[in-house]
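Dear colleague,

I am passing on a structure that I would like you to look over. Please find it below, and after it my notes on what turned up.

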Amino acid sequence: MGIPRVERLVNLVLCLLSTRQYLTAERIRDIVPGYAETTNDEAFYRKFERDKAELRDLGVPLETGRNSFFDGIDGYRIARRDYELGDIELESDEAAAVALASRLWESPELGNAARGALRKLRAAGVDVDDTAPAPIEPKVRADEPAFVPLLTAVRQGRAVVFDYRRPVDNVARPRSLEPWGVVAWRGRWYVVGHDRDREAARCFRLSRISGSVRPFGEGGQVCCPPEVNLLELVTGAEPTEPARTSVRLWVARGRAQGVRRHAEVLGEQELDGVAGQEVRLELDAPETAVGWIAGYGPDVAVLEPESLRAAVREAHLATLAAVGGENGGQ
């Protein structure tokens with residue numbers, strides 16, 4: 001949902017909350033920013049119908065009625081008694097759990113949502129201290145490119161197509177899925193749903209999805225069966241001890257001691273005229289080590305596998321672009 005539509009929906013809610021009378025569609029068109037520029041009546045009514053449906057899907061209690069017997073056209077309003085948040089009472093341990101959960105997310109999409117939820121709780125009079133120290137500081141990263149489009153497809157009830165790299169051969173193949181939900185397990189994200197190609201329930205690790213996630217079909221056509229436990233599907237599909245992947249790296253001589261502590265030295269090797277050594281690491285999930293390896297800059301280079309080499313190269317390019325953007329703005 002684009003920013004202009006978000007702003008229009010917010011303006012519509014504020015308008016309908018601020019009046020006790022029912023406002024006709026034409027009156028709303030004159031008052032609410034975002035409708036006045038509509039080119040014709042038909043376009044306006046299509047837009048207004050979509051917005052009404054969106055508000056109802058979000059749980060906003062949109063009422064339809066007339067102010068008097070003499071009114072010939074229905075109007076709209078939002079009753080505050082149904083819209084406003086009721087009293088919330090949390091025990092001290094429950095408030096602490098809410099605060100800890102708000103610190104769980106690192107992604108901009110979910111991090112902002114968590115902070116917004118805390119603001120609503122405080123506005124309702126709930127004392128939630130999200131600055132108190134915790135015995136652990138968990139983090140759930142949602143920076144996989146496929147995360148947001150898959151979550152959107154689940155919410156909209158639409159099927160998706162994406163290219164998926166199998167761990168056995170690392171070759172991306174198209175898959176068609178009716179997504180039921182997105183689940184976190186052991187620091188990794190999975191999408192669970194009905195695989196149309198296999199005609200069975202399957203789960204896919206988001207880090208193995210290549211390219212874009214492409215939704216198709218009408219909304220509301222996909223839903224999770226009530227008897228399905230998404231987490232059980234993920235834990236049953238993921239082996240208790242996943243196969244380890246052998247990774248070969250080049251490390252500059254006398255550098256990157258953090259890598260050397262975990263690596264087996266295979267021999268001396270020069271790279272672009274720089275002296276160094278070839279080393280081998282055994283990793284459970286090479287994709288999770290991209291940031292760690294890229295952090296060593298030119299002191300460490302990936303030799304194999306090619307997928308990890310490309311991922312580290314992309315991380316280096318992203319860092320250079322960010323630094324260039326900061327320098328350009330100074």
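Predicted model: local features only at pLDDT ≥ 70, side-chain atom pairs only at ≥ 80, totals over all residues.

Residues are numbered from 1 along each chain as its sequence is written, and side-chain values use heavy atoms, with hydrogens and water left out.

The protein has 11 helices and 11 strands, which are DSSP runs numbered from the N terminus (helices: H or I, at least four residues; strands: E, at least two). Of its 330 residues, 35% count as buried, where buried means under 20% relative accessible area, exposed means over 50% and partly exposed lies in between (1.4 Å probe, protein chains only). The protein exposes about 20,200 Å², of which carbon and sulfur atoms supply 51%; these areas come from the Shrake-Rupley method with a 1.4 Å probe, and for residues only the protein chains shown count as cover. Among contacts (heavy atoms within 4.5 Å) between residues at least 6 apart in sequence, 55% join residues at least 24 apart.

Lysine 52, in helix α3 (residues 41-57), counts as buried at 6% relative accessibility, and, leaving aside its neighbours within four places in sequence, lysine 52 is in contact with Leu62 and Tyr76.

As for the backbone, most residues other than glycine have a negative phi, and most peptide bonds are trans. Alanine 256, in the loop between β8 (245-252) and α9 (257-260), has a positive phi near 55° and is buried, with a relative accessible area of 10%. Aspartate 272, in the loop between β9 (264-271) and β10 (274-283), likewise has a positive phi, of about 55°, but is exposed, with a relative accessible area of 77%. The peptide bond from glutamate 304 to proline 305 is cis, with omega near 0°, and proline 305 is found in the loop between β11 (300-304) and α11 (306-328).

The count of salt bridges comes to 16, a salt bridge being a side-chain nitrogen of Lys or Arg within 4 Å of a carboxyl oxygen of Asp or Glu. Glutamate 304 forms one with arginine 248, the closest N and O atoms being 3.3 Å apart; glutamate 304 lies in strand β11 and arginine 248 in strand β8, so the pair ties together parts that are 56 residues apart in sequence. Glutamate 304 is partly exposed, at 40%, and so is arginine 248, at 22% relative accessibility. Another salt bridge, at 2.7 Å from N to O, joins the side chains of glutamate 264 and arginine 280, a pair that links strand β9 with strand β10 across 16 residues. Glutamate 264 counts as partly exposed at 41% relative accessibility, as does arginine 280 at 30%.
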